[in-house]
Amino acid sequence: MNLIVSAIGQGLLWALLGLGLYLTFRILDFCDMTVEGTFPLGAATAVTAITHGVNPFIATLLAVVAGMVAGLVTGLLYTKGKIPSLLAGILTMTAIYSVNLRIMGKSNISLLGQPTLFNGALHNLPQYFDSVTLGLVVIAIVTVLMILFLATDYGQAFIATGDNPTMAKSLGIHTDKMVIVGLMISNGMVGLCGALIAQNNGYADINMGIGTIVIALASIIIGEVAFGELTLNQRLVAVTLGSIIYRIILLAVLQLGFSANDLNLISSVVLAICMMIPQFEKQLNIKKPILKGVRPHE
Amino acid sequence: MNKPILELKNVQTLVNKGTANQTKILKGINLQINAGDFITIVGTNGAGKSTLFNVIGGNLRADGGQILHNGQDITRTSEEDRTAFLARVFQDPKLGTAPRMTVAENMLLATKRGEHRYLIFRQLKQNMARFTKLAATMNNGLENRMTTATGALSGGQRQALSFLMATLKRPDILLLDEHTAALDPHTSLNLLHATNERITTDHLTALMITHHLEDALTYGNRLIVLKDGQIKADFKGEAKQVLTVDKLYQYFED
Ligand SMILES: Nc1ncnc2c1ncn2[C@@H]1O[C@H](COP(=O)(O)OP(=O)(O)OP(=O)(O)O)[C@@H](O)[C@H]1O
Ligand SMILES: [Mg+2]
């Protein structure tokens, strides 16, 4: 029972990563590798700030801002620098690794004995219910904000940019700006995710970003496979459910005797199988944004 | 004489700039377009018709000369900013609509062509009746597919939608680059009729590229022949009315 509650809590917190990537990967058709750097960046920023006496809430906001800056860098490399999206993301991600070491000063910082968002008001909840509660609140707010945003004139132009950039431009939509804004929002969310996961785990580690893009894709795809044809708003909810299902699958795999060290291997295998089955690939359309990611921006 | 709505002065474009293959595509285009002109444009493949549209539309910068809109120099104005007064329909039906968005959502996007888009709620429901009525004018069942993703429409329906979107917010200049070329003869004729109807009743200023000499003669009040990056002939009013396919065809020989 405890394990299931823990998996749901983890799924809710990690869903932020999936939702962030949904904006770029699915809506903008942009395969953004930056997230592999932004996730630990958010963690490093929040944890370092907290250990320097910053209020955990402010520290978490700082992580969001740091993530947005990372998104801005990738966006500028892609739109102004004409660097293919995949490479632009990899460049930022690689650079962030050094930035993270600078921020933290070492490769691992513990939050032992420090205040976090989880041991404030949530402290009196039974084990693991703190992450479920905070996860639910954050995901509800973020999902509602995304739904509202996408239903505005600005949000519709954002969707059109990813759907058909030629048409968007011919209607006067500044597509470069849209891509930059999308990358900033997306990476801000991923930074937030990193900050929350670090506070939940009680530490930040320089290597905690490895595999995040696969985890994010997995929650998006599991949500799509599990729930089929959905409206855009329903799809956003499906990402969170996908993230929870993914955590439950991992739990089951761990029960089979695999260790936590095998998680990245398992995640990759699951995603690779999804991409290799033609019916899946046709329905899921994973390769298109990735292939597009190796071409420069016109 | 009224002031031209759009004027091109000695416009030139180069490709492969700075390489050994540098070539001039448009070789000094001079053109005055007056309000209400409906100009058909013909010319051989590679004559530079699409290039001319790209220069007017701003997705290709002129390497020489000047473009004026209502007397204002727009030579360096970006493609996005020019959409405030300019609309276009592409030849490829896929280029004109957002495939995952519905017909009505696409139309809503087009009502704000060239305008700032704010964080205010889209007014889809409020516009639905108006959009449906407009769609019905295309006579191809588009009005029954208002909530369908445009990716699921036929090429003809998509192209009709693209045309509607280009005219939803009145443009000063409408560019049609072989916009019926990908359609079957019947659908193509249907869209051409609708195009002509809309342009004449609304007194739009339009440029239409076509490879059908009959269509070039039937529609519009002015006809331009483009050849090797230059305007070879410009028939206006009376001169256009007496023009025949045979005479026009001579420009395509040799
Ligand atoms: N980017 C480019 N690089 C090199 N040559 C180009 C480029 N764009 C256009 N051209 C050349 O410019 C010439 C004019 O092309 P354009 O597309 O304007 O012709 P067109 O009159 O529209 O022809 P069609 O009737 O086939 O559509 C062609 O010879 C074409 O090969
Ligand atoms: Mg052409």
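Predicted model: local features only at pLDDT ≥ 70, side-chain atom pairs only at ≥ 80, totals over all residues.

Visitor: How is the size of an interface described?

Guide: The size of an interface is often given as the accessible area that is lost when the parts come together. Here, chain A and chain B bury about 2300 Å² between them, and 60% of that area is on carbon and sulfur atoms. Asp153(A), Asp163(A) and Leu171(A) supply 29% of the area that chain A buries against chain B, more than any other three residues.

Visitor: How many residues of each chain are in contact across this interface?

Guide: On one side there are 24 residues of chain A, and they are in contact with 28 residues of chain B. Between the two chains there are also 14 residue pairs in polar contact.

Visitor: Which elements of chain A give two or more residues to the side that touches chain B?

Guide: They are helix H1 (2-27), helix H5 (129-150), helix H6 (153-163) and helix H7 (165-170) of chain A. H6(A) gives the most, with 8 residues. By class, this side of chain A has 11 nonpolar, 9 polar and 4 charged residues.

Visitor: I have read of salt bridges. What is the general idea?

Guide: Side chains of opposite charge can pair when their charged atoms come close. A search of the whole structure finds 11 salt bridges over all chains. Between chain A and chain B the count is 2. Asp163(A), for example, forms a salt bridge with Arg100(B), and the closest N and O atoms are 3.0 Å apart.

Visitor: Which side chain meets that of Arg26(A) in a salt bridge?

Guide: The partner is Glu224(A), with an N to O distance of 2.9 Å. This pair links distant parts of the chain, for Arg26(A) lies in helix H1 of chain A and Glu224(A) in helix H9 (residues 212-227), 198 residues apart.

Visitor: Are these two residues buried or exposed?

Guide: A residue counts as buried when its relative accessible area is under 20%. Arg26(A) is therefore buried, at 10% relative accessibility. Glu224(A) is also buried, because its relative accessibility is 10%.

Visitor: With which other residue does Glu224(A) form a salt bridge?

Guide: Glu224(A) forms one with Arg235(A), where the closest N and O atoms are 3.6 Å apart. This pair, too, links distant parts of the chain: Glu224(A) is in helix H9, Arg235(A) is in helix H10 (residues 232-255) of chain A, and they are 11 residues apart. Arg235(A) is partly exposed, with a relative accessible area of 24%.

Visitor: What does a salt bridge in chain B look like?

Guide: Arg198(B) forms a salt bridge with Asp202(B), with the closest N and O atoms 3.7 Å apart. Arg198(B) counts as buried because its relative accessibility is 15%, whereas Asp202(B), at 32%, counts as partly exposed.

Visitor: How may one read the burial of a whole helix?

Guide: In helix H3 (residues 103-111) of chain B, 9 of its 9 residues are buried. Among them are Val103(B), Glu105(B), Asn106(B) and Leu109(B). What covers the buried residues of H3(B) includes H6 and H7 of chain A, together with helix H4 (124-136) and helix H5 (155-168) of chain B.

Visitor: How many residues of helix H1 of chain B are buried?

Guide: Helix H1 (residues 49-57) of chain B is mostly covered, with 7 of its 9 residues buried. The buried residues include Lys49(B), Leu52(B) and Phe53(B). H1(B) is followed by Gly58(B), whose phi is positive, near 95°.

Visitor: Where does UniProt place the feature "transmembrane region" in chain A?

Guide: The unreviewed UniProt entry places this feature at several spans of chain A, including residues 57-79 and 86-105. In the model, residues 57-79 of chain A are 100% helix, and the end C-alpha atoms lie 33 Å apart. For residues 86-105 of chain A, the span is 95% helix, and the end C-alpha atoms lie 29 Å apart.

Notes: Residues numbered from 1 in each chain as written. Chains lettered and ligands numbered in written order. Heavy atoms only, no water. Contact = heavy atoms within 4.5 Å. Buried area = accessible area lost by both parts, 1.4 Å probe. Salt bridge = Lys/Arg side-chain N within 4 Å of Asp/Glu carboxyl O. Polar contact = N/O pair within 3.5 Å; in protein donor to acceptor, adjacent residues only side chain to side chain. Helix = DSSP H or I, 4+ residues; strand = E, 2+ residues; numbered from the N terminus. Nonpolar A, V, L, I, M, F, W, Y, C, P; charged D, E, K, R; others polar. UniProt positions renumbered as here; feature names shortened; annotations may be inferred. Buried < 20%, exposed > 50% of the residue type's maximum accessible area, 1.4 Å probe, protein only.
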